[in-house]
Amino acid sequence: MFRYRFLRNSFFFTLLLVIMLPLYVILIVHPTFQGLLTEFTEENAVNVANFMAEAVQEQPGKTGTLLVNDSLKSHMAETAQTFHLYKYRLFDAQGRIIHSSAPSEIGNLNQHAYFHEVVAKGKPYSLTVEKNHKTLENDLLKLDVVETYVPILRNTIFLGAFEIYFDITEWRRKLNSGVSHASLILGILAATFFLVILSTRFYVMRRVGMFMAAIKETSQGDFHRRIPLSGKDELTDMANAFNL
């Protein structure tokens, strides 16, 4: 079937299509949806952090220094419970944890560049952490989360930041399941299409071979060769015309 350019090109085009469709879903569609999930979760984290920030106050006589009192702690805990946060932290402007849902972390200092070069400049920063991978703070997690840093600004002055952890394990499971099913269905459809094209090509080549043999014998003076008639397609009409 590879002797004829049109048939050869159509075969390889179909083969390429079979390979590219599932790869497109895995390499393009899946990362796109993952990015949308992260973006959506980041927006939620920003909204939650802004809600928490309403209770944030500065220490009297110490401008730029956050006041962590029982009212703020209670507000953060209630917010975390309402929005089903996996974890949260509050940093001061220097990157030191001044409150956390894990009290043992209080006092730890964040010296990473993303905090001082991105968050401290007033921009949120997010990262999706997969299960059994480490967070930006080198913590090993047993579930999928999006951790988002949200700066606290007062009159463009950076006072600190919230770090919000959202559990997205179930969302990722559903997303991965949907992508897997889509890839499987596309793969089956593409393979079916490929088999149809392949069988059609073999059928056409067999009929074309009969035509070529009959034409060759006729050109040599043998007018007794007949092409078998089968089906009701254009090739059958051509065979009938040739026989006549």
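This is a predicted model: local features need pLDDT of at least 70, side-chain atom pairs count only at pLDDT 80 or more; totals for chains, interfaces and linings use all residues.
Residues are numbered from 1 along each chain as its sequence is written, and side-chain values use heavy atoms, leaving out hydrogens and water.

Let's start with the sheet. Five strands make up an open sheet, in the order β4-β3-β7-β6-β5, with antiparallel pairing. Strands here are DSSP runs of E with at least two residues, helices are runs of H or I with at least four, and both are numbered from the N terminus; two strands pair if DSSP finds at least two bridges between them. At the edges stand β4 and β5 (125-129), each with a single partner strand, so one side of each has no neighbour in the sheet. From one strand to the next, the twist averages 20 degrees.

Now look at β3 (residues 85-92). Seven of its eight residues are buried, so the strand is largely enclosed by the rest of the structure (buried means under 20% relative accessible area, with a 1.4 Å probe and protein chains only). Seven bridges tie β3 to the antiparallel β7, and Asp92 has Gly160 of β7 as its bridge partner. β3 also pairs with β4 (residues 97-100), antiparallel again, over three bridges, with Phe91 opposite Ile97 in β4. These two strands, β3 and β4, form a hairpin with four residues between them, and Gly95 in the turn has a positive phi of about 95 degrees.

β6 and β7 pair antiparallel over 10 bridges.

What lies across β3, β4 and β7? That would be helix α2 (residues 70-82), which runs at about 150 degrees to β3. The angle is taken between N-to-C directions on a scale from 0 to 180 degrees, using axes fitted to C-alpha atoms, for helices over the stretch in contact, where contact means heavy atoms within 4.5 Å.

Last stop: the largest pocket. α1 (5-53) and β7 (157-167) each supply at least two residues of its lining, and α1 gives the largest share, six residues. Among the lining residues are Phe40, Asn44, Phe83, Asp167 and Trp171. A pocket is an open set of points on a 1 Å grid over the protein atoms alone, with protein on both sides within 12 Å along at least five of seven lines, and lining residues have an atom within 4 Å of a point.

How values were computed
On a 1 Å grid over the protein atoms alone, a cavity is a set of points where a 1.4 Å probe fits but cannot get out, and a pocket is an open set with protein on both sides within 12 Å along at least five of seven lines; lining residues have an atom within 4 Å of a point. Buried means under 20% relative accessible area, exposed over 50%, partly exposed in between (1.4 Å probe, protein chains only).
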